[in-house]
Amino acid sequence: MSKDYKLAKRRYVVGGFIFLIVVIYICRLFSLQVGNDKYKENADSNAFLRRIIYPARGLIYDREGRLVVFNQPAYDVMLIPKDVGDFDTISLCNTLHISKEQLLEKWAEMKNPRKNPGYSAYTPQKLISHLSPQDYGRLQEKLYLFPGFFIQTRTVRQYKYNAAANILGNIREVSASDVEKDRYYRSGDYTGDLGVEKSYEKQLRGQKGVEILMKDAYGRIKGKYENGIHDVAPISGKNLTLSIDMELQEYGERLMANKIGAIVAIEPATGEILALVTAPNYDPSLLVGKDRGKNYAALVRDPQKPLYDRALQGAYPPGSTFKPTQGLIFLQEGIVTTSTQYPCYHGYINGLRVGCHGHGSPIALKPALQTSCNAYFCWGFKNMIDKRGTKPSVQLTKWKDYLVEMGYGYRLGVDLPSESRGFIPNADFYSKSFRGSKWSGNSVISVAIGQGEVLATPLQIANLCATIANRGYYHTPHIVKHVADTVIDSKFREKHAPHIKKEYYEVVAEGMRMAVLGGTCRGAALPGIEVCGKTGTAQNPHGKDHSAFMGFAPYHNPKIAIAVYVENAGFGATYGVPIGSLMMEKYLTGKVERTALEERMLNANTIISSGVKSH
């Protein structure tokens, strides 16, 4: 191999190496100047300050146009770490009424990338949030003494009513996962947490604006860049109109004071939720301001779980409020007719004892609803599941399918977070429970009367009542009536109709009317208003029985359907019926004239009487 060839080859190697270095250098330069926002921020921050302008969050009104949630100004101490010069630490602490240790702790949190994932020395960072108006005024006067610091104005929530915390929710500072999921947010922003604040966050939050300010070589603000032509104005969030009647909501919360449970009231014709009470509840203003974290932790530790929305999340045995579903299924399947009678001799069914109470025997469907006869519905269930020529597993599947169509066993789809699905057992569940052994209607008879494995939420019970009130259909229950000027989502206008004849709903409605006229719901009667109802006393293996009620009124063209569930309160007629009746009276007439009954319910304490410690 010649010497010239070796030199030529070496030139190619050296040239290729130099070319590779140049390419790497160009790529890195491109990455720094174009692909990496950090260096762009560094360069821009020397000349500009991009200040975020937060939009006003949407207001919230009730169905009558009453203002429920509005905004008030809040002030955060912000800084650009790179621009922070020498300043008097003691003077800043005295101005903000904090200790030097607290300031250093907040400074460390701000610079901690785990607690503040968006930290950059070249971009605005939040040091202290929720300044009081007094602290804001003092700092504003002395701000020139603290180079690199400025005040960010935002809004926080204010409440007109000390009610509906479970419906409204609250707002909290975004987490690292929130920032990662949605590029709208940056560290220090706020987002909806629980209630409509969470489920309608994108409509309520609006769109941020930005103003671009020029800085001189010393970092001092010199005014708007090019007279503000590059600024972007914020767009306020959309207002919400709730379906809730706040006066009814407040009244329901007063009736449920010192009790554990829930009330759900629905307008049957639309599916609009009129009241959604969970007890115990809390003041929504506790989760606003600098004490939010401390108050939230206290609510989490509270043994009565006020953050737990029992109206949506509580999965309870529905007890006898479940019997109307059974009557509808038996009629549709031809197991019974309106004249079919079953015996109730001390509750014995083929040797199986089912507890009941004194009434005539044998008994037909409507008087069975009137008197809440356990035996009647157990006989009907047994005859359906053990029907000749078929299998219990096939019949139970058919039974469950009807219940699912009625809104049980799955989430209804209410426009609030954290709804529970309840539970309706299927054939596979029992096959596993009995470990392959044969089972029959008698084996699982308790589900016929809303006991055993059956669980339902108060929302599902109220929705069943609305379906009966409508004589065979329901709209998905929802809490928001309008978003700004936009009508609600079309899914809330759709009718859901179980495959059960309308005439059978009329039969059940008549039985519920009889229960008020001369049965277990006599306490629900209202002068001049035809009320229909069904009591429920749900057995509780952990203590005193639960008191339940569902009802609607008027009988024709109903305006309200309601479910009441009071934990550890005994018979349905003791608390469920009177509370439900008072709620209907308040909504339909605008006042309550049965003041003695009202006082008794307002002053009752079922937490103490049930043996549960009061908080």
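Is Cys344 buried or exposed? Cys344 is buried, at 8% relative accessibility, where buried means under 20% relative accessible area, exposed over 50% and partly exposed in between (1.4 Å probe, protein chains only). Welcome to a predicted model, in which local features need pLDDT of at least 70, side-chain atom pairs count only at pLDDT 80 or more, and totals for chains, interfaces and linings use all residues. Residues are numbered from 1 along each chain as its sequence is written, and side-chain values use heavy atoms, with hydrogens and water left out.

**Cysteines**
- The structure has 0 disulfides, a disulfide being a pair of cysteine sulfur atoms within 2.5 Å.
- Cys465 is in no disulfide, and its nearest cysteine sulfur, in Cys532, is 8.3 Å away.
- Cys465 is also buried, with a relative accessible area of 0%.

**Salt bridges**
- The whole structure holds 26 salt bridges, each a side-chain nitrogen of Lys or Arg within 4 Å of a carboxyl oxygen of Asp or Glu.
- Glu267 pairs with Arg63 in one of them, with the closest N and O atoms 3.6 Å apart.
- Both Glu267 and Arg63 are buried.
- Lys382 and Asp386 form another salt bridge at 3.3 Å, N to O; Lys382 is buried at 13% relative accessibility, whereas Asp386 is partly exposed at 28%.
- Salt bridges with shared partners link Arg57, Arg157, Glu197 and Glu201 into one network.

**A look at Glu201**
- Glu201 is buried, with a relative accessible area of 7%.
- Beyond its neighbours within four places in sequence, Glu201 has contacts (heavy atoms within 4.5 Å) with residues including Arg57, Tyr185 and Tyr190.
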